[in-house]
Amino acid sequence: MSSRTNLTAGIPSSKVKYSKLSSTDDGYIDLQFKKSPPKIPYKAIALAVVLFMIGTFLIVIGALLLAGYISKGGTDRAIPVLIIGILVFLPGFYHLRIAYYASRGYRGYSYDDIPDFDD
């Protein structure tokens with residue numbers, strides 16, 4: 001029969017020396033529990049600001065169209081502008097709120113909650 005060998009080092013298993021772990025060593029080191037500083041997703045926050053501003057602009061334009069201050073076209077133009085404005089505004093507001101609370105250090109909020117576009 002052939003003897004077993006350690007495939008990574010090519011050493012026969014009969015020549016490997018083992019040693020007992022100390023009784024005080026629990027297998028953990030302090031460095032693995034240390035948190036690294038948060039990585040701020042600047043591109044995602046910039047995108048959230050752009051979405052927030054475009055959504056706010058579209059909501060204001062839609063409200064002015066609906067009220068008749070811009071055009072007397074009626075609701076056929078105002079409602080689509082309002083819907084698009086709300087759909088663009090909501091994700092921007094949501095991610096800006098998370099970024100604000102994470103920057104202030106509120107418990108439960110972190111920059112990890114914002115999708116990062118950096119690869």
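This is a predicted model: local features need pLDDT of at least 70, side-chain atom pairs count only at pLDDT 80 or more; totals for chains, interfaces and linings use all residues.
Okay, let's start with confidence: in this protein the lowest stretch is strand β1, residues 5-6, with a mean pLDDT of 52, while helix α1, residues 42-67, comes out highest at 94. Over the protein, the mean pLDDT is 82, with 79% of residues at 70 or more.

Now to the surface. Which residues form a nonpolar patch there? They're Val60, Leu64, Tyr69 and Ile70, and together they have about 420 Å² of accessible area. Take Tyr69 from that group: you'll find Tyr69 in the loop between α1 and α2, the latter being 75-104. Is Tyr69 buried or exposed? Exposed, because its relative accessibility is 69% and the cut-off for that word is over 50%.

Next up, the aromatic rings. How many aromatic pairs are there? The count is 5. One of them is Tyr100 with Tyr101: the ring centres sit 5.7 Å apart and the planes are at 55°, so we call this pair tilted. Tyr101 also pairs with Tyr106, and here the centres are 4.9 Å apart with the planes at 65°, so that pair is edge-to-face. Why the other label? Because planes over 60 degrees apart count as edge-to-face.

To put the tyrosines together: Tyr100, Tyr101 and Tyr106 belong to one aromatic cluster, along with Tyr109.

Note on methods: Residues are numbered from 1 along each chain as its sequence is written. Side-chain values use heavy atoms; hydrogens and water are left out. pLDDT is the predictor's confidence in each residue, from 0 to 100. Helices (H or I, at least four residues) and strands (E, at least two) are DSSP runs, numbered from the N terminus. Patches are made of residues with over 30% relative accessible area and no salt bridge: like charges are joined within 9 Å, nonpolar side chains (Val, Leu, Ile, Met, Phe, Trp, Tyr) within 5 Å. Accessible areas come from the Shrake-Rupley method with a 1.4 Å probe; for residues, only the protein chains shown count as cover. A salt bridge is a side-chain nitrogen of Lys or Arg within 4 Å of a carboxyl oxygen of Asp or Glu. Buried means under 20% relative accessible area, exposed over 50%, partly exposed in between (1.4 Å probe, protein chains only). Rings of Phe, Tyr and Trp (its six-membered ring) pair if their centres lie within 6.5 Å; planes under 30 degrees apart count as stacked, over 60 as edge-to-face and the rest as tilted.
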